[in-house]
Amino acid sequence: MKAVTDDKQPAPADTPIEQQLYAIRQKIQPRSVHGVFASWRIALVLLTQVLYYGLPWLQWDSRQAVLFDLAARKFYIFGLVFWPQDFVYLTGLLILSALALFLFTAVAGRLWCGYACPQTVYTEIFMWVENWLEGDHLARRKLDQSPWNANKLRRRGLKHLVWMLIALWTGFTFVGYFTPIQTLAAEVASASLGPWETFWILFYGFATWGNAGFMREQVCKYMCPYARFQSVMFDSDTLTVTYDSSIGEPRGPRSKKTDYKAAGLGTCVDCEVCVQ
Ligand code: SF4
């Protein structure tokens, strides 16, 4: 928020305030969390990725089980073949998916965001790599602040190498849903990829690398259309993970023996662990 006034001169009460809608990203090194919901997320990340990376390699009646052959205008999904005139099924499927998304959001909040959205899933995978190669949140903060030296170069270089390999594999798999993946793999091996295949593998890989490695929550805040209208599906009964100021405030440290209600405090001990 930026007042259109000199910093030293407080703005008169009726001065219009200019609001900035964009905030430059502050780098966050989040603490790892454990528990039931974090375990669910790990399970869902693994499940969605086994499906995503594995499906194009499945064969069905001597052809790829799931293949969207745009050139031949035929979509193969296991035993089914869809032609352009079958588009109505896709429309129906999209309507059902949208309604299911609205229902689950209204009942249980940001389920999609937390467990299945590609932005969450790839950010989570990239953070596993970060945690593995650079250490926990404290070690990563220390590395951020340290000057460039052999250790920092090696850790950062390795991290980006692994991120790029994952991103390229993701781009390759994406194209493998539109071009038979076995042919695509042979083309990659013989360095004879077509220009469009090369473009899409690199473009999708680059988007994965940039979104999961650098932009992270900026995608949710500024780019995602779902985030724009999520709040209209919320009501006071929707489950959300958020700070409840009505029970947390007034915050403050206290000894375990203190009766916080008698001391005029809320439940928040102001430890800041929830925002690390
Ligand atoms: S806000 Fe959008 S991009 Fe972010 S996790 Fe939710 S659906 Fe994904």
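Author: Buried means under 20% relative accessible area, exposed means over 50%, and partly exposed lies in between (1.4 Å probe, protein chains only). This is a predicted model, where local features need pLDDT of at least 70, side-chain atom pairs count only at pLDDT 80 or more, and totals for chains, interfaces and linings use all residues. Residues are numbered from 1 along each chain as its sequence is written, and side-chain values use heavy atoms, with hydrogens and water left out.

Reader: Why is E217 called partly exposed?

Author: E217 has 25% relative accessibility, so E217 counts as partly exposed.

Reader: What makes R25 and E217 a salt bridge?

Author: A salt bridge needs a side-chain nitrogen of Lys or Arg within 4 Å of a carboxyl oxygen of Asp or Glu. In R25 and E217, the closest N and O atoms are 2.9 Å apart. R25 lies in the loop between β2 (17–18) and α1, and E217 in helix α9 (residues 217–223), so the pair ties together parts 192 residues apart in sequence. Helices (H or I, at least four residues) and strands (E, at least two) are DSSP runs, numbered from the N terminus.

Reader: Why is R156 called buried?

Author: R156 has 11% relative accessibility, so R156 counts as buried. R156 also forms a salt bridge with D144, at 2.7 Å from N to O.

Reader: How do you know that the length of helix α8 agrees with its span?

Author: The expected span is 1.5 Å times one less than the number of residues. Helix α8 (residues 195–215) has 21 residues, so α8 should span 30 Å; its end C-alpha atoms are 28 Å apart, which agrees.
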